Amino acid sequence: MADENNTPVFQIQRMYLKDLSLEQPNAPQILLEQSQPQVDINLALSAEPVADGVFEVCVTATVTTKVGEKTLFLIEAKQAGIFEIRHVPQEQVEGILGIVCPQMIYPYLRAVVSDVCTRAGFPPVLLTEVNFQAMFEAQQAQREAAAAAPTIN
């Protein structure tokens with residue numbers, strides 16, 4: 001029988017909207033433009049320890065929509081979750097924080113961005129699905145390549 005104190009634990013403590021910003025710096029004039037806007041979407045991920053075995057994971061989406069050189073609207077949304085992760089090997093914790101947690105948070109972020117666009121009077125911007133495992137593996141490969149690169153003194 002396993003010792004209960006060493007049983008691996010992974011659970012969501014809380015999911016929440018940490019930050020939300022909508023800017024329409026060129027309204028109302030730009031709203032009269034008939035041109036098709038260009039949409040640029042950037043995603044960022046962060047994970048920070050909050051307490052022993054407790055982590056906050058945030059996924060941030062920045063959506064910039066322009067008509068020509070003028071910004072139609074800019075949305076920055078940060079969806080976060082607090083996760084308890086205990087008695088899990090460190091190499092697995094990194095994968096959980098970089099893959100599993102963002103996969104759980106991302107659908108909420110997608111809904112927030114779409115809803116804010118609609119409430120601002122625009123068609124919804126639908127964030128595409130993200131393969132967090134591929135992102136995590138690419139970041140790991142970059143770190144390993146940087147660590148293996150010779151340093152010049």
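Trainee: Hi! What should I keep in mind about this model?
Mentor: It is predicted, so to speak: local features need pLDDT of at least 70, side-chain atom pairs count only at pLDDT 80 or more, and totals for chains, interfaces and linings use all residues. Residues are numbered from 1 along each chain as its sequence is written, and side-chain values use heavy atoms, with hydrogens and water left out.

Trainee: Great, strands then. How do β2 and β3 pair?
Mentor: They are antiparallel, over 13 bridges. Strands here are DSSP E runs of at least two residues, helices are H or I runs of at least four, and both are numbered from the N terminus. Two strands pair if DSSP finds at least two bridges between them.

Trainee: Which residue stands opposite Asp 40?
Mentor: Thr 64 in β3. The β2 and β3 hairpin has two residues between its strands, and Gly 53 there takes a positive phi near 80°.

Trainee: And how many bridges join β3 to β4?
Mentor: There are 14, again in the antiparallel sense, with Glu 56 opposite Ile 82 in β4. That hairpin also has two residues between the strands, and Gly 68 has a positive phi near 65°.

Trainee: What about β1?
Mentor: β1 (residues 9–23) runs antiparallel to β4, joined by 13 bridges. Asp 19 stands opposite Lys 78 there.

Trainee: Switching topic: what happens at the start of α2?
Mentor: A side-chain oxygen of Asn 131 comes within 3.1 Å of the backbone nitrogen of Gln 133.

Trainee: Now pockets. What is the volume of the largest one?
Mentor: About 260 Å³. A pocket is an open set of points on a 1 Å grid over the protein atoms alone, where a 1.4 Å probe fits, with protein on both sides within 12 Å along at least five of seven lines. Its volume is the space filled by probe spheres set on the points, which are joined across faces, edges and corners.

Trainee: Which residues lie nearest its centre?
Mentor: Pro 37, Thr 65, Leu 72, Phe 122 and Pro 123, out of 16 lining residues, meaning those with an atom within 4 Å of a point. β3 (54–67) and β4 (70–86) each give two or more residues to that lining.

Terms used: Polar contact = N/O pair within 3.5 Å; in protein donor to acceptor, adjacent residues only side chain to side chain.
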